Each structure stands twice: as structure tokens, then as C-alpha cells.
Amino acid sequence: MRPGTQASHGGAGSRAAGEERALTSVAAGDRFRGEEPGDTPRLWHVTLSVSGKEAPLPEVRRALEQLAHDHPFFLTSRYAVDHAEIRYWEEARDLHDAAAVALRLWGEHRQTAGLPPWEIVGLEVIDRATYHQRIAEGYGPPPASPVGVHPF
């Protein structure tokens, strides 16, 4: 605190003129008054994008179908010879946990599902309310229909 100023315990009105507000960060899993408890799982909509060297389409399809069989909450995937997009619901305590699971998904299932050696090039994780709000407002991708594995 600078000399000659009082401690700030409230909003902008308690700061001295010209004094900047200190920025604070919130640790993963921290909750504010009135929010859900940190240990309550929530649903998160995940879109994972991967790409790499070309692979035969039938092999990509078979691998994505195996991934869909192995991973719960799988919605849909779209694929081409050199990229794919996977959309699914993940149950997790918070966004950090959902993103961590999503970032491990491709690598952990690469051997068992026979996925191509592609890298993750995009990730979006949003909560259920945001997903439904986007759909209602006409933003974002339409709900996955039909569910399954489909070419682009």
C-alpha cells in the first residue's frame, strides 16, 4: 500500500483517487459464495481438434469408432485424411479438470484405439449452460446430430 492511502476493503469507492485496483487470481477449484461446492461434478462440452500426416480414411474411421466405444459421453466426430474434430461431454469438477482429461484423451487412446499419430491443435471446453445458450442464440455448432463418426 502506498503511504497516505487507506486500506481498501470494498469497491472502487474506497480507493484513493488515481489508485489502481490490484488484480488477483483465483486458484483452480476456488468457489465464491453461493456457487456449487468444489467436489460436485458438472458436465462440460469439449471440442478437441487434431491434425497431422494423411492416414487412410477407413483406418481413421475405424479408430474414431473404437474411441467412441471406449470413451463415455462421446457425441460425435468428424474426420478427413489429415484432421478430425471430436465433440463430447465430460463430467468433471471444474474446467481445469475437464481440459486436463481432454488433453490426455488422444494420447492415452492412441494405442488402444489405433488413432493416427496426430497432434492436438485445438481445444474448447465450455460448461453446459454456455453450450445451451450458444445454441439458443444461434451461435456455435448445432447440436451433434446424428451422433456418431462422420466424414467432413
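Strands count as paired if DSSP finds at least two bridges between them. The model is predicted: local features need pLDDT of at least 70, side-chain atom pairs count only at pLDDT 80 or more, and totals for chains, interfaces and linings use all residues. Residues are numbered from 1 along each chain as its sequence is written, and side-chain values use heavy atoms, with hydrogens and water left out.

Stay with β2 and β3 for a moment. A hairpin of three residues links β2 to β3. S77 stands opposite I86 in β3. T76 stands opposite R87 in β3. On β3 there is also pairing with β1: 10 bridges join β1 to β3, again antiparallel. There, H45 stands opposite W89 in β3. β3 is mostly covered, with eight of its 10 residues buried. Buried means under 20% relative accessible area, exposed means over 50%, and partly exposed lies in between (1.4 Å probe, protein chains only).

Now step back to the whole protein. It has three helices and five strands. These are DSSP runs, numbered from the N terminus: helices are H or I with at least four residues, strands are E with at least two. Along the sequence the pattern reads β-α-β-β-α-β-α-β. The five strands form an open sheet in the order β4-β1-β3-β2-β5, with mixed pairing. β4 and β5 (148-151) stand at the edges with a single partner strand each, so one side of each has no neighbour in the sheet. Neighbouring strands are turned by 15° against each other on average, direction ignored.

Helices pack on this sheet. α1 touches β2, β3 and β5, and its direction makes about 170° with that of β2. α3 touches β1, β3 and β4, and its direction makes about 90° with that of β4. Axes are lines fitted to C-alpha atoms, for helices over the stretch in contact, and angles run from 0 to 180 degrees between N-to-C directions. Contact means heavy atoms within 4.5 Å.

What lies in the largest nonpolar core? The core has 25 residues, and L64, L67, I86, W106, L115 and W118 touch the most other members. The elements that give two or more residues to this core are β1 (42-51), α1 (57-70), β2 (74-79), β3 (83-92) and α2. The largest share, six residues, comes from α2. A nonpolar core is a set of buried Ala, Val, Leu, Ile, Met, Phe, Trp, Tyr and Cys residues joined through side-chain atoms within 4.5 Å.

Take L115 from that list. L115 lies in the loop between α2 (95-113) and β4 (119-127). L115 is buried, with a relative accessible area of 5%. Leaving out residues up to four places away in sequence, L115 touches A63, L64, L67, W106, H109 and R110. L115 and R61 are 54 residues apart in sequence, yet 9.3 Å apart in space, C-alpha to C-alpha.

Aromatic rings come next. A pair of aromatic rings is described by the distance of the centres and the angle of the planes. The structure holds two aromatic pairs. In W89 and Y131 the ring centres are 5.0 Å apart and the planes stand at 80°, so the pair is edge-to-face. W89 lies in strand β3 and Y131 in helix α3 (residues 128-137), so the pair ties together parts that are 42 residues apart in sequence. Both W89 and Y131 are buried. W106 and W118 form a stacked pair, at 6.2 Å centre to centre and 5° between the planes. W106 lies in helix α2 and W118 in the loop between α2 and β4, so this pair ties together parts that are 12 residues apart in sequence. W106 is buried, with a relative accessible area of 3%. W118 is buried as well, at 5%. Rings of Phe, Tyr and Trp (its six-membered ring) pair if their centres lie within 6.5 Å; planes under 30 degrees apart count as stacked, over 60 as edge-to-face and the rest as tilted.

Finally, some totals. Buried residues make up 31% of the 152 residues in the protein. Among contacts between residues at least 6 apart in sequence, 69% join residues at least 24 apart. The protein exposes about 9,800 Å², and carbon and sulfur atoms supply 53% of it. Accessible areas come from the Shrake-Rupley method with a 1.4 Å probe; for residues, only the protein chains shown count as cover.
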